Every structure is written in C-alpha cells, then in structure tokens.
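User: I am new to reading protein models. Could you take me through one, feature by feature?

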Amino acid sequence: MSKSFEIVNGTPHYNLYIDGEWTRSLRNESTDSMNPATGELFARVQQAGKAETERAISAAHGAYKAWAGLPVSAREAVFFKAADVLAAKAQEITDVLIAESGSIAGKSGFEVGYCFDLLRTAAAEMRRSPGETMPLTAPGQFGFTVRQPLGVIAGIAPFNAPFLLAMKKVVMALAAGNGFVLKPSELTPVTGLKIAEVFDEAGLPKGLLNVIPGPASEIGATIFADPRVRMITFTGSTQTGRHLAVEAAKTLKRFTLEMGGKSPLIVLGDADIDYAVKAAAFGIFFHQGQVCMANSRILVEEPIFDAFCERFTAVAKSLKVGDPREPDTVIGPLIRGTQCAVIDGHVEDAVAKGAKLLCGATHKDQYYWPTVLSGITPDMRIFHEESFGPVTSIIKIKSAEEALEIANNTDYGLSAGVITNDMQKALDLAFGLDSGMVHLNDCTVSDEPHAPFGGVKNSGFGREGGRFSMEEMTELKWITVQRGQRAFPM
Ligand code: NAD
C-alpha cells in the first residue's frame with residue numbers, strides 16, 4: 001500500500017506510516033477523527049497497536065546509524081527538500097489544521113510558517129561544531145567531546161499545536177542523527193500523518209520516521225518497555241507527564257517534559273494601557289486559550305487597574321466566536337466539548353468565592369465565549385489550575401514586589417510577561433520569576449525554532465529548539481588522546 005489515504009464514501013481513510021510504507025494495522029482497526037467546529041466526521045484513521053509500535057521501533061533502530069553516517073550535505077538536502085514539499089502542501093496542511101483541530105486560518109498558517117523556519121534551523125544546526133577540546137592534567141594528554149545520536153527517540157504530542165509541536169520533535173531528532181517514532185494526539189492523528197507525508201515526499205530514508213496514531217496506553221506501554229527507545233520527548237498535560245515520568249524511570253530512559261502552565265502577565269502602572277490590553281488579549285485568546293503559555297493570570301498595578309479591566313473586557317466582548325473557516329472568526333471551537341464543563345467549574349468556583357465575572361462564561365456546543373474574571377484570590381481553583389480555554393483572571397497588585405510574590409504562587413513555571421517602561425523593574429522581575437521563559441514588553445505567548453523553549457516546576461524539564469534540542473537528543477562522549485607515552489606508577 002503506497003498511499004497515505006484513500007477516499008471511501010467521501011471520507012479519507014488514513015493509514016499508518018511505518019518503515020517508509022503506508023500500511024494498515026494487523027487488526028485493521030480504525031477510529032474516527034471529528035471536526036470540532038461541526039461535530040462531523042473528518043477522517044477515519046488506522047490504529048497502531050503493540051505489533052505496529054514494535055515494527056516502528058525496529059525500523060527506526062535499523063535506520064539511524066546509516067543516516068547519522070551520511071555526509072551532512074546529504075542530510076541537509078533532505079531538510080531543504082522537505083521545506084519545498086511543505087511549501088507545496090501548505091494549503092492542504094492548513095486546511096487539515098482548521099478541520100481537525102478547530103484552528104482559525106491565522107493560527108494554522110503560523111504553524112506551517114514556523115515549520116519552514118524550523119527546517120532551516122535544523123539544517124543550520126547540523127553544520128555546527130558541537131564539541132570542544134580541553135587540556136587535561138596528565139602531561140601530553142588532551143581531551144575532546146563529540147555528540148552522537150541516542151538511537152531511537154519516541155515523541156508523544158498534544159492536540160493544540162499538533163503540526164508545529166510534533167514537527168519540532170521530529171525535525172530536531174532527525175537533525176541529531178536519530179530515528180523517530182511519533183505518536184500524535186488521538187484528537188489530531190491526521191495532522192501527525194501529514195508530517196510523514198512531507199518527509200516521505202522529501203526522500204527521507206526508509207525507517208527513520210514512523211507515525212503511529214492509536215490507543216495511548218497500548219502504544220505508550222510498548223514504547224516505554226522497549227530498551228531500544230533511548231529517549232521520550234513528551235508534550236502534554238502535567239497529569240499525563242507525571243504518570244509517564246514514572247514509566248520512563250523504570251527503564252531509565254532520557255525524558256523531556258513540556259507540560260502545562262498558569263502563566264502570569266504583569267502590567268505595571270506606567271504601561272501603555274492600550275498596548276497592554278492588546279498583548280494580554282492575544283496572550284489568552286489565541287487559539288481560544290488552548291495554549292500552554294497563555295497568560296491566564298493578568299496582574300495589573302493599582303493606578304491603571306480599572307481602566308485596564310474596562311478596555312480589556314471590551315476587547316474580549318468584541319471577538320467573534322464561530323466557525324474557524326470564516327475569515328473574521330477569532331475564537332474557534334474547543335477541541336473537546338467536555339472542556340466547557342472544566343471551565344464552567346473554574347468560573348463557578350471563583351464566583352462562589354467572591355470573584356467578579358466581567359464577561360463571558362457562556363458556551364454552546366464546543367464553543368466557549370471569551371471570559372474575564374477579576375477579584376481572584378489564591379483559594380480559588382482558577383488561580384492554580386489550568387483552564388485551557390478562553391478564560392483569564394485580572395488580579396490587582398500594589399507593586400512589582402507584590403506582583404512577583406503572586407506570580408510565583410503557582411506549581412507551574414512555563415512562561416511570563418512583563419509590560420512596563422521601567423527596565424530596571426522589568427529585569428528584576430525577569431530574574432525573580434519562577435519561569436522557564438520571560439518576555440519583557442510582550443505577552444507570554446512566544447516561540448522561535450532556535451530558542452530554548454521549556455519550563456520549570458510542574459511545567460516540565462528539558463528544553464526544545466535549535467541547539468538546545470540537539471543537546472537533549474544526543475549523547476555527549478568524552479575522548480582523550482595521549483601524545484607520547486604517559487608515565488604510569490606501576
Ligand atoms: P494530554 O496529556 O491529554 O495528552 C498528550 C499526549 O499524551 C497525547 O498524545 C496523548 O495521547 C498522550 N498520552 C496520554 N496518556 C498516555 C500514555 N499512558 N502513554 C503514552 N501517551 C499517552 O494533553 P493534551 O490535552 O493533548 O494537551 C494539552 C496539554 O498540553 C495542556 O496541559 C498544555 O498546557 C500542554 N502543552 C504543553 C506545551 C509545552 O510546550 N509546555 C505545549 C502544548 C501543550
């Protein structure tokens with residue numbers, strides 16, 4: 001079978017991608033992928049089980065050494081070709097992102113555009129010299145380091161930026177000379193398979209990349225048990241990550257975790273209110289708040305608090321909620337209808353404990369209207385728990401010092417933003433915030449293919465992007481050289 005999908009009764013039926021072939025599973029089982037905007041069937045997708053996962057691992061294991069041994073020019077040519085294929089398929093992938101993940105066109109286009117830069121970044125990384133030389137204590141001896149591929153890396157990806165986040169793992173792992181097995185989210189399997197299409201058409205050698213949608217627990221158990229898988233790169237919720245970290249420890253696999261957040265945006269009293277409102281709105285309402293770095297807590301200093309609340313609420317009320325295919329839609333559907341109940345629970349708990357609802361808290365089907373709360377205190381669930389929807393809380397602060405205390409009062413530590421013209425205060429906050437990333441005079445949502453993306457505390461460990469991924473995804477080896485004979489004591 002050589003095609004990624006065939007149309008049956010008007011619906012695409014997708015295959016698995018294992019060892020450079022499009023294939024059905026032994027059990028020949030498929031599940032539905034639904035369009036969250038319409039509730040209609042979007043595609044049917046073959047489901048990998050234990051047997052397919054083992055085949056995928058074997059294929060990656062059998063392929064990586066030859067790939068890592070190719071001249072860098074041959075490997076980077078595959079990445080350049082992949083960028084050409086991506087350009088040709090950009091509209092098709094954008095359409096899949098809209099239909100499968102409920103992304104609006106702007107967000108889908110951002111994901112695809114990011115991946116061009118990512119492929120170029122990876123090609124550049126392959127040309128860098130990653131080692132160093134060092135003098136040693138023994139006379140006539142020196143040492144140097146090399147970075148070698150780990151072997152097989154498995155990636156577990158979430159639904160919210162399903163193309164970008166999975167591509168980042170795939171591309172950087174391949175650039176570091178590894179073979180890869182990707183388990184996309186069960187909510188966005190077709191998007192994951194599009195990555196295989198891109199690399200298949202770009203001529204990536206067989207076996208290096210395998211994409212296997214299917215039941216998380218069965219695929220996960222097989223991946224975690226297999227000693228040939230040397231690393232797992234996970235992006236998803238803290239709840240799942242915590243569970244998987246225990247599994248990874250059993251077979252001592254390297255493990256990077258990119259997990260949830262409750263990111264604070266601090267707006268100090270001297271800020272330009274209109275600019276701060278725009279930044280804050282983008283930072284929470286982009287992709288209807290289903291963004292790990294979303295500024296779901298906005299801390300605003302007293303003198304501008306009322307004006308900020310008024311203008312921010314007006315912007316929130318003005319955003320069009322609806323079908324992501326319509327060009328003026330800003331807020332598309334949530335991926336799961338059940339998420340509406342989670343958000344309702346957070347809002348109801350906050351209001352019952354004294355918070356003020358400034359707008360929103362309504363939903364229909366999988367659409368949740370932009371929701372703004374004020375008067376939030378640490379005893380409320382919404383202060384600490386990730387809502388993963390278009391809801392944010394505005395908190396009044398008296399000073400930068402108080403902002404720091406409130407901002408750090410969370411188990412998460414992914415991203416933070418500070419808006420002020422006072423660079424001294426901004427830098428003091430940047431150094432003091434418990435956060436893997438801090439953006440000054442910007443919102444909390446930012447990602448670049450070459451930047452070190454990642455969090456602290458319950459947001460995870462390890463970094464993704466450019467040379468930081470290359471470091472995570474390679475083994476560092478120390479080699480020593482003795483010039484002339486060394487004097488031994490015996
Ligand atoms: P999730 O934890 O439900 O699922 C993530 C992935 O884990 C999915 O592919 C799922 O199938 C898989 N999974 C679940 N159980 C598994 C098991 N037993 N074995 C193997 N795989 C298993 O997360 P989600 O709902 O898809 O994504 C939303 C979450 O991801 C949010 O918490 C968000 O903050 C976080 N996220 C973090 C980042 C980041 O870079 N820090 C980026 C995007 C999303």
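User: What does K457 form with D434?

Analyst: Side chains of opposite charge can pair when their charged atoms come close. A salt bridge here is a side-chain nitrogen of Lys or Arg within 4 Å of a carboxyl oxygen of Asp or Glu. K457 and D434 form such a bridge, with their closest N and O atoms 3.3 Å apart. Keep in mind that this is a predicted model: local features need pLDDT of at least 70, side-chain atom pairs count only at pLDDT 80 or more, and totals for chains, interfaces and linings use all residues. Residues are numbered from 1 along each chain as its sequence is written, and side-chain values use heavy atoms, leaving out hydrogens and water.

User: How is the protein chain divided into domains?

Analyst: Domain bounds come from an automatic or database domain assignment. Domain 1 covers 5-260 + 450-477, and domain 2 covers 264-440. Their centres, taken over C-alpha atoms, are 31 Å apart. Contact means heavy atoms within 4.5 Å. Domain 1 gives 27 residues to the contact and domain 2 gives 31.

User: How much area do domain 1 and domain 2 bury between them?

Analyst: Buried area is the accessible area (1.4 Å probe) that two parts lose on being put together, summed over both. Here the two domains bury about 2,300 Å², with 65% of it on carbon and sulfur atoms. On the domain 1 side, I104, F159 and K457 supply 23% of the area buried against domain 2, more than any other three residues.

User: How many salt bridges are there between the domains, and how many in the whole structure?

Analyst: Between domain 1 and domain 2 the count is 1. A search of the whole structure finds 29. One of them pairs E21 with K206, the closest N and O atoms being 2.9 Å apart.

User: Now the ligand. Which residues are closest to it?

Analyst: A residue is near a molecule if one of its heavy atoms lies within 4 Å of it. By that rule 27 residues surround the ligand, and the closest are A157, E186, S237, T240 and E386.

User: Which polar atom of S237 lies 2.6 Å from a ligand oxygen, side-chain or backbone?

Analyst: A polar contact needs a pair of N or O atoms within 3.5 Å. S237 uses a polar side-chain atom, 2.6 Å from an oxygen atom of the ligand. K183 also places a polar side-chain atom 2.9 Å from a ligand oxygen. For G236, a polar backbone atom is 3.2 Å from an oxygen atom of the ligand.

Conventions
Polar contact = N/O pair within 3.5 Å; in protein donor to acceptor, adjacent residues only side chain to side chain.
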